[in-house]
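Hi,

Here is the structure I promised to pass on.

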Amino acid sequence: MKHKGLIHAIFYSLHRHLFYLSFYSYSSIVRLQIHISPFTRLFFVIDPHHLQMATLISDTAAWKDMKAHVGEIDKTHLRDLMAETDRCKSMMLEFDGIFLDYSRQRATVDTVSKLFALAEEAHLKQKIDSMFNGEHINSTENRSVLHVALRASKDTAINSDGKNVVPDVWHVLDKIKEFSDKVRSGSWVGATGKALTNVIAIGIGGSFLGPLFVHTALQTDPEASKSAGGRQLRFLANVDPVDVARNISGLDPETTLVVVVSKTFTTAETMLNARTLREWISSALGPQAVSKHMVAVSTNLKLVEKFGIDPHNAFAFWDWVGGRYSVCSAVGVLPLSLQYGFSVIEKFLKGARSIDQHFHSAPFENNIPVLLGLLSVWNVSFLGYPARAILPYTQALEKLAPHIQQVSMESNGKGVSIDGVRLPFEAGEIDFGEPGTNGQHSFYQLIHQGRVIPCDFIGIVKSQQPVYLKDEVVNNHDELMSNFFAQPDALAYGKTAEQLQSENVASHLVPHKTFTGNRPSLSLLLPSLDAYRIGQLLAIYEHRIAVEGFVWGINSFDQWGVELGKSLASQVRKQLHASRKKGESVEGFNFSTTKLLTRYLEASADVPSEPTTLLPNI
Ligand SMILES: O=P(O)(O)OC[C@H]1O[C@](O)(CO)[C@@H](O)[C@@H]1O
């Protein structure tokens, strides 16, 4: 019912510490909505069909002040900024062994105070508190965001919907400890009585990338690798049968445990891979072997049971854990504990906890994730650098960038504010990276002389695997770290034409050999790379990404952008079935897709149309 010009309803609601005040007019002309909370702000819709006006962060004085400030920064070069010792000193800090130097950002002390003003305007502190307090800050899914509870100590209370979730977290952790101890000690055996020494973890996205990152980082840590003994942990993510073949290659079902990891237990790729490995096990050992060889991690325990996995062998987590934030839940803790033992993984959780406490309580000027997040906003939204390179100088962190890609790009790759208003600025950033020095011989050319890409340099003081050859000038790790220290200066200072001329460089080469410099980076130095430090690094990135989203005023905890492709794939799947089984021609697609599908079907007409035995050939 519409009453033109009439304020039809006034709602007051008190929800925890938040106060909402809403005026709705069902007129087609005016709808006025004022929500007073850290997340929802003044919001007017004048004619829902034509005009929307909302207070976005980009409408605030603090944002405009930052925009104006860019002109000041453009007048300076990092060469000059780096000469200001007091400025540099103020841009270095340390927390619990992690040393951060952000003096090579294109920022002055004034820039940093303006960023704090922006944070204030964005209600950053209140938003962080709301996250830790279990408010439903993931508003489009009406969920809390409590990955910090996954690594809280037993005596902490963290509430979601009025319930302390920490006892549930520890109930599952204790169950993982007990189960992984049994498997590792050989008291839980496979169907033929043999110990299960190999694990294949099936999962994709957040149910894969975080655990893979941690596993790769721990693999070469002496304590962890000693604890792993000869055990193997593999990850099956891609529905590509090549990935199945790679995973089972050389493994014996008799000694293999399969962990199916899926928050929803409906993800098409994971479920097909799970059915494929169930077939691999039952065809070798009989269907009754599944209960000894397959366990699951999920929030959907009903579907786990329906799949045929014994509910006693299911490890739960909760809807307040986002997939990409789930590595500290059973998603990561179960496979990693099976491989390394629970005590190693507990250290990883403690490392993450150390950063959680720091993030929650440290003042912004000493708060590593807050500073990193604000600097990213500065680089993306004001200096106009859309990408970020993650460059760890340790091969052990080779899977850090792929994991952070998901955490960052799935979280902050959004086009509307948390209120659903289209953003007049770009949020999110393009993350990529490779360990140094490999990356130096690949894409660094572009970073030095092409596009400006802010870089995160991550260095480790003590190598996990030190090597020192007798005739070398420095040990291998010092060689690696020489590059870690050199690259940020090369980017910041560059090399001028005058310098080249003084070196008698041929004049036609001077433009080619000139480095403009003024390219921002930051350096994080960790004392070592053990389970604790890996946990810290993970939490630093998770919280940094949340800070960016909080300032941009978006919902960093949903991922609607992945849905459309999934539903289109399901239409294609139906078509492939209809064409292969019933000979139906391709229909209902555009010209291009019809052509591509027809070509695919015609060219693959000779592939087996009946089920085949699984025979990996690699
Ligand atoms: O754990 P699930 O439910 O199988 O989901 C896997 C991944 O799929 C996504 O939903 C996106 O495709 C991710 O957010 C998630 O991490």
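Two bits of housekeeping. Numbering starts from 1 along each chain as its sequence is written. Bear in mind that this is a predicted model, so local features need pLDDT of at least 70 and side-chain atom pairs count only at pLDDT 80 or more, while totals for chains, interfaces and linings use all residues.

The ligand first: 14 residues surround the ligand, the closest being Gly205, Gly206, Ser262, Thr267 and Gly323. A residue is taken as near if its C-beta atom, placed from the backbone, lies within 6 Å of the molecule. By type, that shell has nine polar, three charged and two nonpolar residues. Here Asp, Glu, Lys and Arg are charged, Ala, Val, Leu, Ile, Met, Phe, Trp, Tyr, Cys and Pro are nonpolar, and the others, Gly among them, are polar.

Next, the sheet. Five strands make an open sheet in the order S11-S10-S12-S13-S14, paired in parallel. (Helices, H or I with at least four residues, and strands, E with at least two, are DSSP runs numbered from the N terminus; two strands pair if DSSP finds at least two bridges between them.) Its edges are S11 (232-236) and S14 (314-316), each pairing on one side only. From one strand to the next, the twist averages 20°. S13 (residues 294-298) and S14 are joined by three bridges, and Val297 has Phe315 as its bridge partner in S14.

S17 (residues 455-460) pairs with S18 in parallel over six bridges, whereas S7 (residues 98-101) runs antiparallel to S18, with three bridges. Leu524 in S18 stands opposite Ile458 and also opposite Leu100.

The largest nonpolar core has 146 residues, and Ile202, Val259, Leu374 and Val551 touch the most other members. (Such a core is a set of buried Ala, Val, Leu, Ile, Met, Phe, Trp, Tyr and Cys residues joined through C-beta atoms within 7 Å.) Helix H21 (residues 531-552) gives the largest share of this core, 14 residues.

Finally, Asp478 sits in helix H18 (residues 476-493). Asp478 counts as partly exposed because 13 other C-beta atoms lie within 10 Å.

Cheers

Key. Buried ≥ 20, exposed ≤ 12 C-beta atoms within 10 Å, placed from the backbone. Axes fitted to C-alpha atoms, helices over the stretch in contact; angles between N-to-C directions.
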